[in-house]
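Please work through the exercises below with the sequence and the model side by side. Each task is followed by a solution that goes step by step.

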Amino acid sequence: MEVSVIRSCSQATNPKTELGFKDSRFSFGKFNEKLFFRKPNSVSFQSPLRRGKSGLRITAQAAQSDPLPKSKSSTKSKTLNRVRLFAGLPLDVVSGGTVNQFRAISAGLKALKLLGLEGVELPIWWGVVEHESMGKYDWSGYLTIAEMVRKAGLKLHVTLCFHASSQPKIPLPEWVLDIGKTKSNIFFKDRAGKPYRGCLSLAVDELAVLNGKTPMQVYQDFCESFKSAFSAFIGSTITGITMGLGPDGELRYPSHRGFAKSDTVPGAGEFQCYDKNMLHLLKQHAEACGKPKWGLGGPHDAPAYSELPTANTFFKDHGGSWESPYGDFFLSWYSSQLIAHGDRLLSLASSVFSDSAVNIFGKVPLMHSWHGTRSHPSELTAGFYNTATRKGYEEVAEMFARNSCKIILPGMDQSDKYQHKESLSSPESLLAEIGTACNKHGVGISGQNSTVGAPDGLKQIKKNMLSENLNDSFIFQRIGAQFFAPEHFPLFIEFVRKLNQPELHSGNLPTKEGTTTATDSVHTRSNLSIHMQSA
């Protein structure tokens, strides 16, 4: 399959725009890609459809290339006009101070610029930058990326990741893990006492557990160092910064550990309140409420990670412990600790970057499994006291508004009809519920997809762009082999084209005969064309 974005040859070609290297090989995952320069102002993606030898070729020539022009049609949605589109760079784009797959990233940036995207999102990892020892920062690889993005004429949204990644494997800083070997209570623990080493427990935010410093002090030092190192980019190339708030960067507890199989019904998750410091906070709260016995631990009748909510009595729709006085006590405390943690981190970020022309974001998860029940188990174990009788996201939105921060909501590619019916999941209704709370408190919403290739995912994203669920930007996750695969990338090009040219319909498109399948050529008013051809 060939997908190309080609500038019309009606404009004269300037030989001086040719770049000075050819035939350089690079790879995204399992794809072996070939970068070559062939036609002026063109980006071409080709893949011979052979088993085991899938390839991706990017032709990126055009020192002066223009993005897809936006339609001037008066029928264009006002929402689509104001939503800026970004694409996330690979999670492991930098390691050891080096940019991985440099030429692939460079060609990818040119392609995204030609498609008319606003910019890219760059994950910056605590475990990469401050890897060896506290206060020793290496920003070199990320600075190289920032310069590449600037030269490509794109904007940059930075995500500061204070968590670990399991795939690809990016751990917390080595010196933090060393501390955790003897002080495991710096991590969250579940009911069995198993620590979660993907991020620090929120209960130690203000405890001097990191070589005499609190995590909040270490996070602030990190942000200050980032601000200094990237001062030449902040406010110009860098327009947004997401503050990591917990597992996978999200404001939540690690209530679901590992990856659930796609063919299984997800469990309820587990409460994460069993490390020494969380138990101490719970005990203090119970005593202050005159209920000391309620502070001995989490709910005894709650199910385990992968168990269904019906496996025990806590989450029962009618008569479950979650509706009891004890349930209200525990869930109120559990969620308030999470919101206070988010408040501390977003307040820190807002303070550090207060004199910078950037927007600050925080990510809130879309825990949509079991949302069709009265108790909403997956939301409760993740830290959101949101049920059929309680609007839990009001407090979250209010906290974001207080810090003048915007919310990133993932899962905007998920639709109800493709969920497990047994899990009573409803991503669409939960998204609308969170969106209503954000709109009430004037909090901007930026969207993300949860995966590449979700069934009808691009259609669902566009639907959300046209709704009140999204009013700031959308970050498509994430560039890589799957993103540029022949079964996805042509659809993404068509998706972007429809955002820019919603008045065009397939019936108006000319076709080219003589190919195995139809070739669509969409000509815009400025003679920019997109060609998709199956070989």
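The exercises below go from the whole chain to helix packing and then to aromatic rings.

The model is predicted, so that local features need pLDDT of at least 70 and side-chain atom pairs count only at pLDDT 80 or more, while totals for chains, interfaces and linings use all residues. Residues are numbered from 1 along each chain as its sequence is written, and side-chain values use heavy atoms, with hydrogens and water left out.

**Exercise 1. Describe the protein chain by its helices and strands, its buried share and its contacts.**

Begin with the secondary structure: the protein chain has 13 helices and 20 strands, where helices (H or I, at least four residues) and strands (E, at least two) are DSSP runs numbered from the N terminus. Next, take burial: of the 535 residues, 55% count as buried, a term for under 20% relative accessible area, with exposed meaning over 50% and partly exposed in between (1.4 Å probe, protein chains only). Finally, consider contacts, meaning heavy atoms within 4.5 Å: among those between residues at least 6 apart in sequence, 73% join residues at least 24 apart.

**Exercise 2. Determine how helix 8 packs against helix 10, and which residues make the contact.**

First, read the geometry: helix 8 and helix 10 (residues 393-402) pack at an angle of about 15°, with their axes 10 Å apart. Here the axes are lines fitted to C-alpha atoms, for helices over the stretch in contact, and angles run from 0 to 180 degrees between N-to-C directions. The two helices, helix 8 and helix 10, are therefore roughly parallel, since angles under 35 degrees count as roughly parallel, over 145 as roughly antiparallel, 65 to 115 as roughly perpendicular and the rest as oblique.

Then list the partners: helix 8 contributes Ile 339, Gly 342, Asp 343 and Leu 346, and helix 10 contributes Glu 395, Val 396, Met 399, Phe 400 and Arg 402. Within helix 10, Tyr 393, Glu 394, Val 396, Ala 397, Met 399 and Phe 400 are buried, and the buried residues of this helix pack against several elements, including helix 8, strand 14 (359-363) and helix 11 (427-440).

**Exercise 3. Find how helix 6 and helix 8 are oriented, and name the residues in contact.**

The axes of helix 6 (residues 215-229) and helix 8 come within 10 Å and cross at roughly 30°, so helix 6 and helix 8 are roughly parallel to each other. On the helix 6 side the contact is made by Met 216, Tyr 219, Gln 220, Cys 223, Glu 224 and Lys 227, and on the helix 8 side by Arg 344, Leu 345, Leu 348 and Val 352.

**Exercise 4. Classify the aromatic pairs Phe 271 with Phe 330 and Tyr 326 with Phe 329.**

A search of the whole structure finds 37 aromatic pairs; rings of Phe, Tyr and Trp (its six-membered ring) pair if their centres lie within 6.5 Å, and planes under 30 degrees apart count as stacked, over 60 as edge-to-face and the rest as tilted. Phe 271 and Phe 330 lie 5.1 Å centre to centre with 85° between the planes, which is edge-to-face. This pair links distant parts of the chain, as Phe 271 is in the loop between strand 13 (238-243) and helix 7 (276-288) and Phe 330 is in helix 8 (residues 325-352), 59 residues apart. Both Phe 271 and Phe 330 are buried.

Tyr 326 and Phe 329, at 6.3 Å centre to centre and 40° between the planes, form a tilted pair. Because they are three residues apart in helix 8, Tyr 326 and Phe 329 are separated by about one helical turn. Tyr 326 counts as buried because its relative accessibility is 17%, and Phe 329 counts as buried because its value is 8%.
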